[in-house]
Amino acid sequence: MSSAYDSIILGAGAAGLMCAITAAQRGRRVLVLDRSNKLGKKILMSGGGRCNFTNLHCSPERFLSVNPHFCKSALSRYTQWDFIELVTQHGIAYFEKETVNGLSGQLFCQDSAKQIVAMLLKECHQGGVEIRTQCETRSAKKTGVETRAENENPSPESGAEERAPFEPPSVEAGEGFSLLTNQGEFQSETLVVATGGLSIPSLGGSGYGYALAEQFGLRLLPRSAGLVPFTMTDSLHAVCERLSGLSLEVSLGNSRAQFREDLLFTHRGLSGPAVLQLSSYWQPGESIHMDLLPGHKADALLLGWKQDHPRALMRSRLAQLLPHKLVDELQTLFWPQMADRLLAEWPDRHLQALAQVFNRWEMKPAGTEGYRTAEVTLGGVDTRDLSSQTMESTVPGLFFIGEVVDVTGHLGGFNFQWAWSSGYAAGQAV
């Protein structure tokens, strides 16, 4: 088949544009199709409009996947330092954000996220990449290879997980792809799916990439919203509503993870970095625990107050460590009968019981705010059907990169780095 393009990339987000740049630098003829009317919408809104484009401490341990080793190859071949060098070459000033735990490493544009989009588009232009916006893909077919609709491969729910792990496909002469869009029909030798996930549909999130994977017989893992606020019900919802806008440092965790970051009370429940991080490790129906006094052993603290400040009230001592509004809510919840009792009058066992609450306040989220506000989509295309070196699938010439793949980073620039790294890996192979 004579192809008009060497590669067609679906999606002009971070991963798709990086893939296009990399492929074009190798002399490949590249077409990028995006259904949006504006390029890089997620890049533009990220980091409060300044784009948290990578993290100095990027490592495989900061990513979630059923196969935690999958991301290692791509991350090592195009690192945070490589992207920082590209940003520097384009004269974009950036800074490292300070965080409560001092680890940070989060890099933001000094001026605007528009600079990152402009940089990527300039690189695409220099490489001769063709980009079409408002282009809806209606169908994608592979020449000479049957899709699931034609050969009735089993669905992921009906035993597909029993298939063998990834094996490099063998490409036969004449194979390629034909795409029918609202702007005409296009052909290419390879097809790269960089359509993102389900998160923030108002910015272009959709399930089209998953539908394509399923069409071509690839396995899919369950999807869910990640890096997303928690919602609360009943009395805790009322507490959160009254405290809406209040932020403080906590240590938030469950049986799988623990994060010491800022927490923000909202009208719906809980948000802030600590909550967003933990949400990726949370399952519906599970409880979480919050340490309101990270770094303090609350029992020793309270018993010490009783000895050193016997005529003080609990709320007055606690207000030196926590916001007054939060202390008032805690008092109503946990010690209303002792509200006006001097610390000298508190039995030690009561202080120890209250200390347990301060260091491990158990609560059960009703759910999350879902894809509407989620920063990422967990799950997606099963990495067993992809090459970790090239991102090519078991279908010859078909690649998946970025958020559509079952690789999800922590908050703080890690998901952008996965986009750059996976896009580069595919760009070197298409």
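**Close-up views of a predicted model**

Asp348 has a relative accessible area of 39%, which makes Asp348 partly exposed (buried is under 20% relative accessible area, exposed is over 50%, and partly exposed lies in between, with a 1.4 Å probe and protein chains only). The model is predicted: local features need pLDDT of at least 70, side-chain atom pairs count only at pLDDT 80 or more, and totals for chains, interfaces and linings use all residues. Residues are numbered from 1 along each chain as its sequence is written, and side-chain values use heavy atoms, leaving out hydrogens and water.

**View 1. Asp348 and Lys306 form a salt bridge.** The N to O distance is 2.7 Å. A salt bridge here is a side-chain nitrogen of Lys or Arg within 4 Å of a carboxyl oxygen of Asp or Glu. By this rule the model has 17 salt bridges. Lys306 is partly exposed, at 21% relative accessible area. Asp348 belongs to helix H13 (residues 348-359) and Lys306 to helix H10 (residues 298-308), so the pair links distant parts of the chain, 42 residues apart (helices are DSSP runs of H or I with at least four residues, strands are runs of E with at least two, and both are numbered from the N terminus).

**View 2. Asp385 pairs with Arg219 in a salt bridge.** Their closest N and O atoms are 2.7 Å apart. Asp385 sits in the loop between strands E19 (376-381) and E20 (398-400), and Arg219 in the loop between helix H7 (208-215) and strand E11 (220-226), so the contact ties together parts 166 residues apart in sequence. Are Asp385 and Arg219 buried or exposed? Both are buried.

**View 3. Arg256 meets Glu286 in a salt bridge.** The closest N and O atoms lie 2.6 Å apart. Arg256 is in the loop between strands E13 (247-253) and E14 (258-265); Glu286 is in the loop between helix H9 (273-279) and strand E16 (288-291). The two residues are 30 apart, and the pair links distant parts of the chain. Arg256 is partly exposed, at 43% relative accessible area. Glu286 is also partly exposed, at 22%.

**View 4. Salt bridges link four residues in a network.** The members are Asp6, Arg28, Arg29 and Glu189.

**View 5. Helix H14 is mostly covered.** Twelve of its 14 residues are buried. Among them are Phe414, Phe416, Trp418 and Trp420.

**View 6. The model has zero disulfides.** A disulfide is a pair of cysteine sulfur atoms within 2.5 Å. Cys58 is in none: the nearest cysteine sulfur, in Cys71, is 8.2 Å away. Cys58 is buried, at 15% relative accessibility. The sulfur of Cys135 is 16 Å from the closest cysteine sulfur, in Cys124, too far for a bond. Cys135 is buried as well, at 2%.

**View 7. The second largest pocket has a volume of about 420 Å³.** A pocket is an open set of points on a 1 Å grid over the protein atoms alone, with protein on both sides within 12 Å along at least five of seven lines; lining residues have an atom within 4 Å of a point. Of its 19 lining residues, Ser224, Ser280, Trp282, Gln283 and Leu378 are the closest to the centre. Strand E11 gives the most to this lining, with four residues. By class, the lining has nine nonpolar, eight polar and two charged residues (Ala, Val, Leu, Ile, Met, Phe, Trp, Tyr, Cys and Pro count as nonpolar, Asp, Glu, Lys and Arg as charged, and the others, Gly among them, as polar).

Note on methods. 1 Å grid on protein atoms, 1.4 Å probe; cavity = no way out; pocket = protein on both sides within 12 Å on 5 of 7 lines; lining within 4 Å. Points joined across faces, edges and corners; volume = space filled by probe spheres on them.
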